[in-house]
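I opened this model with a notebook beside me. Here is what I looked up, entry by entry.

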Amino acid sequence: MTKPNRPKRKLPRSFKDLTPSNHFAPATFFRELVLKALLTPRHGEHQRPVFPKLKHGEVAVTWIGHASFLIQFTDLNVLIDPNFANWLFLLKRIKRSGLKIKDLPPIDLVLLTHAHFDHFHKPTLRKLPHPKIGVMPRGVGDLAHNLGFARVIELDHWESFSQAEWKVTFTPSKHWGARTLADQHRGYGGFILEHQGRKIYHAGDSAYFHGFKEIGRKFSPEIALLPIGAYHPETFRRVHMGPDEAIKAFKDLGAKFFVPMHYGTFKLSFEDLDEPPRWLRQIAVEQNLTKQIKILDEGVPVVF
C-alpha cells in the first residue's frame, strides 16, 4: 500500500521567518530586545493590594502588568493572561508585576487569549491558587494539562461558555497563535466577559482590523482593555497596534472606557517603553478623550 504524498514542511530560511511579520534579524533582535533590556534596571514595586468591597454591579479592574488583569465582582474573581515572570527566556521583565501571586484572592476563572509565552505562561499558571476553570482558544487545551485547572474549556470564535450568572465569549483578533514553529493549529483571540450587567472586553494581542466594529455591534462592551505597545518598526503593526490604531479600535467598539495594556513590562519591540502611554495621552487630549481613557497603575484596583 503506497503512502499518500504529503507536502514537505517548509523550513525557515532565516530567523526572520519565525515570526509572521518577518521582522527579526538575529543581531537586531539581540541588540534591541535583549541587550538593551539587560542594561535597563528593573523598576516598579509590588503593591500590597487593598481590594475594594464591591456592591452588586460594580467591577474592580487591577492591571498586573503587560496583558495581565485581575477582574473582580462581588462573587467572581477572574484572571486574564496572568504572567508574573521576571524572565521570558532571554527577555527580561523591566517593570515588576503590580502584585505577587501570593496576594491574589481565590481565582474562579482564568481566561487565556492565545498560546504565546508572554500570555500563556505555564510557571505562573502552576502557581495560581487552584483556579477552577480555564477558558482558552480551540487547540490550546493540551497546554493546560497538569496546570491545576479543575476544568478546561476550549472555544472557537463567537462561541460562549457560561456558568451561574457569568458568561464569556471568545472573539476574533488579528494576530497568530503558534507556540512553536510547528503548531499552526492553535487558536487566538480576545474575550467578552459578561456579569452583573457589565461587559468587559480584553482584546488579547491584535493588530487593528475591522472585526472591532463587529465585536462592538454584537456586544457593546463598556470597558475595553486594548493593547498599545510593540508597534515599531512598522512591520510589527501586522500583529500589534500602536496608540493611534487602538483609539480607532476603541471608537469601533463603542466602549465607554479604554484601559491600555501590553506596554512597559517587556521590551518586545523598538519603541521606548514609555512612548506608548505618552502618545496615547497626547491623542486623548487632541481628540477630547481624556475622561474615557483610564491608564492604570500596576497593582492598584480601580472600580468601574
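**Entry 1: ground rules.** I am working with a predicted model, where local features need pLDDT of at least 70, side-chain atom pairs count only at pLDDT 80 or more, and totals for chains, interfaces and linings use all residues. I number residues from 1 along each chain as its sequence is written, and side-chain values use heavy atoms, with hydrogens and water left out.

**Entry 2: confidence.** I looked up pLDDT, the predictor's confidence in each residue, from 0 to 100. The protein chain averages 90, and 88% of the residues score at least 70. Over residues 1–20 the pLDDT is below 50, and this stretch has 18 contacts in the model beyond near neighbours in sequence. Contact here means heavy atoms within 4.5 Å.

**Entry 3: the whole chain.** I find five helices and 15 strands; these are DSSP runs numbered from the N terminus, helices being H or I of at least four residues and strands E of at least two. Of the 304 residues, 57% are buried. Buried means under 20% relative accessible area, exposed over 50%, and partly exposed in between, with a 1.4 Å probe and protein chains only. Among contacts between residues at least 6 apart in sequence, 66% join residues at least 24 apart.

**Entry 4: Thr169.** Where does Thr169 sit? I find Thr169 in strand 10, residues 166–171. Thr169 counts as buried because its relative accessibility is 0%. Its side chain makes a polar contact with the side chain of Ser160 at 2.6 Å. For a polar contact I need a pair of N or O atoms within 3.5 Å; within protein, one must be able to donate a hydrogen and the other to accept it, and residues adjacent in sequence count only if both atoms are side-chain atoms. Leaving aside neighbours within four places in sequence, Thr169 is in contact with residues including Trp158, Phe191, Glu194 and Phe219.

**Entry 5: Glu194.** Is Glu194 buried or exposed? Glu194 counts as buried, since its relative accessibility is 19%. Glu194 and Thr169 are 25 residues apart in sequence and 8.5 Å apart in space, C-alpha to C-alpha. Not counting residues up to four places away in sequence, Glu194 touches Glu165, Trp166, Lys167, Thr169, Lys199 and Phe219.

**Entry 6: Phe117.** I found Phe117 in the loop between strand 6 (109–111) and helix 2 (122–127). Phe117 is partly exposed because its relative accessible area is 31%.
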